[in-house]
Each structure stands twice: as structure tokens, then as C-alpha cells.
Amino acid sequence: MLRNTGRRSLSTLSEPMRGVPAHASSAGTSLSYAATLETLSSGARVVSLPRKHPLVAVRVAVQAGSRFETASTAGASFFLAHAFMKSTRSQSSLRLTRTLEALAPSTQAYASRDLLLVGGVVPRESAHAYAAALADVLQPALKHWEMDDARAAVALRAAERGDDALVDELLHAAAFGGSSYGRPLVPMRNASKVPQSALEEHVANCYVAQRALLVTAGLEADEASALASDVLGALPAGTAAPAPTAYRGGERLLEMPGNNGTHFALAHSTAGVSAAAVAVLEAMLGEFVAAVGRHNRVGVNGRLGKLDASELLSAVAFTSGSGDAAVLGVRGQAADGAQAKHSVAAVRATLDALTTLADGPELVGAKHRATRALLERYATADVTAHLATAAATAPSSLSAAALVEQIAALSAADVAGAAKKIKATPLSLAAIGDVDGL
């Protein structure tokens, strides 16, 4: 369509411009965010997310996180994550470091409750060499003088953890007890003093093919499969990872006089609830605590517990874990224990209100926010960490396309039913600082 401006004719935005290809309609197309999972004959798993990009994200992971530690190997996963550039069985620390630095601008390793992960982003032509170097990290030499040399760095990293990290540790201990997900990610004391024998035992138990994963974002499935077969082939077979212990709920409160207010976290189990419903509920809880920060005293649907913004210094909704061992909750900071108690009650009232959710703009907005958060996660290099965790704990959540469709299909009754199921599980509560009111 052309319109006369009195000077020249211009095309409206609804019409194609001369020389510019027309934009293809999205109708009938699907998202290109569907990862594939393959299990090799060795038991190792390969996750690939195809992307047309000159850079490839490559990550090697092994189910060797803190939940797989025992009383005799406590702290091994955190320690090993911060000693990953030491000698392997096939090359020296210097050679490994120079190889990784030559291939990638940055290689990072960290331990979660489920996994030890190491990886980075490299040009496509370097993906094979980089994956081989990362896989070599899973065969550490564990030379005692190198482990001793790493102890100062491990102690420094452990000391950097703040109040939120401590509350997270207490929350998982309350939710799962003293084993599995309840084990601390970082020991409260002596994180750098993990015995040499504990490191050797943890590696022997966990650094095996049946617990190993290669995750790529940027390679086709057949490329990633061939790569994994090549670089993970030297790992011993080992045994599959055991299932986590069941959620139980409880509380862990730690009085810390002089602390900056009260840091707290509360959560419920999401076992048996779809990942799509959990994502929407997290978005709704997140909007509630964000509204408090904007001095909005009411919250979702005008039916939620009122909370004075001056009482809640900061807060964020979160999910932790995956599959039947996941939890949904809110982490925050209040001025003191009494105000933390009020904040906890208001968050629980919010969850109560969601059990009677009706169709409306709040649900529509939450579904949009949940979808956006999911797609943003898949659009970053860090998606490989998410994919590794999903493959190890909840393979059905690997496809963003499927999750987006499931989120869109949720009704108010679906979300309310999920909220009821979550609310019916025992509460887990953790706090540090002034905990008198709690």
C-alpha cells in the first residue's frame, strides 16, 4: 500500500520493501530449541542443542556433586571443582592449562548438588580438541602435592560465600535431612582440608562413564555423538548414580548476633508437579515479591497477604533441584526475626491465594514471564549447564519447545491444582541472623 505524503511515496510497515526478502511467517513452524539426548553403549550421555553459529558451547559434566558424597568424602566435589586444572593421568597441569587457554578465552568449573561441570565457548573448529581436553579433566592424577597446593584457593573460595549461600545450605538440610540433597555443597568448616583419600574415593566412585555427560550447544546431534564416543571412551564403566532421598521438610534456624538483619528462605516440594506449572508459579511468586519492592502492598489478584515493603529488604522467588527432588520457594532478607516471620506468613498467604486462582491478566502475565525466562535461558551459552542438569535429573524437560507449549496450554485450574499439591507438602524453613520471631 502507498500513501501520498505530499513529497514522496512511502511503503507502510505492513508491506515488503523493495530488495528486502519478506519475513517468513511463524505459523506452522516450531522453536529450534529442542535438545536431543542419547545414551552411548558405555552409559555416557550426550546432549546436543543445534545452533547455526560460529561459536559452540561445550561442557563436560559428571554426576559427582555434593549429594553423592558420603561422610568420608564430604567436601570433595567443591574441592575438585577448584582444582580442575591440575595434572591428569595423561598430561601435566601446565600442558592442560596451556591447552585450555589456547582453545577458549575462559574455562570455568563448578560443583552443584548434582554435578561437577567444566566448560566454555570455543570456535566450531576447536570443539573437538576442547572437548578432549575437558574430558581429560575427568581423569585427574590427584598428585598429593598438587592437591595441597590447591588448598589455599579452595579455602578462599569457601570464605567468599555469603549469607544467602548459607541459608541455601540450611534450607536443603531442612528439606532433605543430612543425606543426598541435604548434604552441604560447601562444608561449614575445613573446606580446604578434605583428605587426599577422600578425593581419591570420590573420583573412583563418581568419575565413570555411566555418570558422565557431554553437552554441546552449536553441534548437530550426530557430531556431538561422535565427539562424545571419542573423548569419553577412556572412562571406566562404573555404576549409575543412585536416586536422591525423598523430600521431608523441616526447619533450620541459626542465631547470629550482629548479623545484617535476618536472611531467610522457605520452600515446598514440587514432586509430581509439571515443570510448566512450576515455572508459572515461580513467575507469580516472583511478581509478588517484586511488587513489594515497588511498594505495592497488595500483590496478585488483590487477594494476597499484605506485606509492608519496609519490612522486606530484598526477596526473590526460586526453584532449586530438578525432577521429584525440586523445591519452589522464596529467599529474602528482613530487618529482624519478627519481620521475617511476617514476611514468611505473607509469602505463604500468596501461595494459598494461588490455590484458588481464576483466569485473568495475572495468569496471562505469569505465563508470558515464564516463557520469556525459559527462552532467555536457552539463548545463552549457560544453557549447557541447564541441559546437563535436566539430562541427569529430569530428561523430559530438555525441550524448550515442548515446555513452551505446555505453559501455553495451562489453565487457571491447572495452576491452582499445582499450587494445592505444592502447598500440601511440609514446609521447609531456614534463617540466619536474628531468628527470635521465627
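Mentor: Two strands pair if DSSP finds at least two bridges between them. Helices (H or I, at least four residues) and strands (E, at least two) are DSSP runs, numbered from the N terminus. This is a predicted model: local features need pLDDT of at least 70, side-chain atom pairs count only at pLDDT 80 or more, and totals for chains, interfaces and linings use all residues. Residues are numbered from 1 along each chain as its sequence is written, and side-chain values use heavy atoms, with hydrogens and water left out.

Trainee: How many bridges join β5 to β8, and in which sense do the two strands run?

Mentor: Strand β5 (residues 55-62) and strand β8 (residues 212-217) run antiparallel and are joined by six bridges. Two of the residue pairs can be checked by eye: Val60 stands opposite Leu214 in β8, and Arg59 has Val215 of β8 as its bridge partner.

Trainee: What does β5 do with strand β7?

Mentor: β5 pairs with β7 (residues 116-123) over eight bridges, also in the antiparallel sense. Here Ala57 has Val121 in β7 as its bridge partner.

Trainee: What is the strand order of the sheet that holds them, and which strands stand at the edges?

Mentor: The sheet is open, has six strands and mixed pairing, and its order is β3-β4-β8-β5-β7-β6. β3 (36-39) and β6 (108-111) stand at the edges; each has a single partner strand, so one side of each is left without a neighbour in the sheet. On average, neighbouring strands of this sheet are turned by 15° against each other, direction ignored. For such angles, axes are lines fitted to C-alpha atoms, for helices over the stretch in contact, and angles run from 0 to 180 degrees between N-to-C directions.

Trainee: How is burial read, and is β5 mostly covered or mostly open?

Mentor: Buried means under 20% relative accessible area, exposed over 50%, and partly exposed in between (1.4 Å probe, protein chains only). By that rule seven of the eight residues of β5 are buried, making the strand mostly covered.

Trainee: Which faces of β13 are covered?

Mentor: Both are: Ser428, Ala430 and Ile432 are buried on one side, and Leu429, Ala431 and Gly433 are buried on the other. In total, six of the six residues of strand β13 (residues 428-433) are buried.

Trainee: Which strands pair with β13?

Mentor: Strand β9 (residues 250-255) pairs with β13 in the parallel sense over six bridges, and Leu254 has Ile432 of β13 as its bridge partner. Strand β10 (residues 262-269) runs antiparallel to β13, with six bridges between them; in β13, Gly433 stands opposite Thr262.

Trainee: How is the length of a helix checked, with α10 as the case?

Mentor: The expected span is 1.5 Å times one less than the number of residues. Helix α10 (residues 361-378) has 18 residues and should span 26 Å; its end C-alpha atoms are 26 Å apart, which agrees. Its buried residues are Leu363, Gly365, Ala366, Lys367, Ala370, Thr371, Leu374 and Tyr378.

Trainee: What lines the second largest pocket?

Mentor: The search uses a 1 Å grid over the protein atoms alone: a pocket is an open set of points where a 1.4 Å probe fits, with protein on both sides within 12 Å along at least five of seven lines, and lining residues have an atom within 4 Å of a point. This pocket has 14 lining residues, and Ala158, Arg161, Leu166, Pro187 and Met188 lie nearest its centre. α4 (144-159) and α5 (163-176) each supply at least two lining residues, with α5 giving the most, four.

Trainee: Where are the positive phi values in residues other than glycine?

Mentor: Leu142 has a phi of about 55° and sits in the loop between α3 (127-137) and α4. Leu142 is buried, with a relative accessible area of 10%. Asn190 has a phi near 60°, and its place is in the loop between α5 and α6 (196-206).
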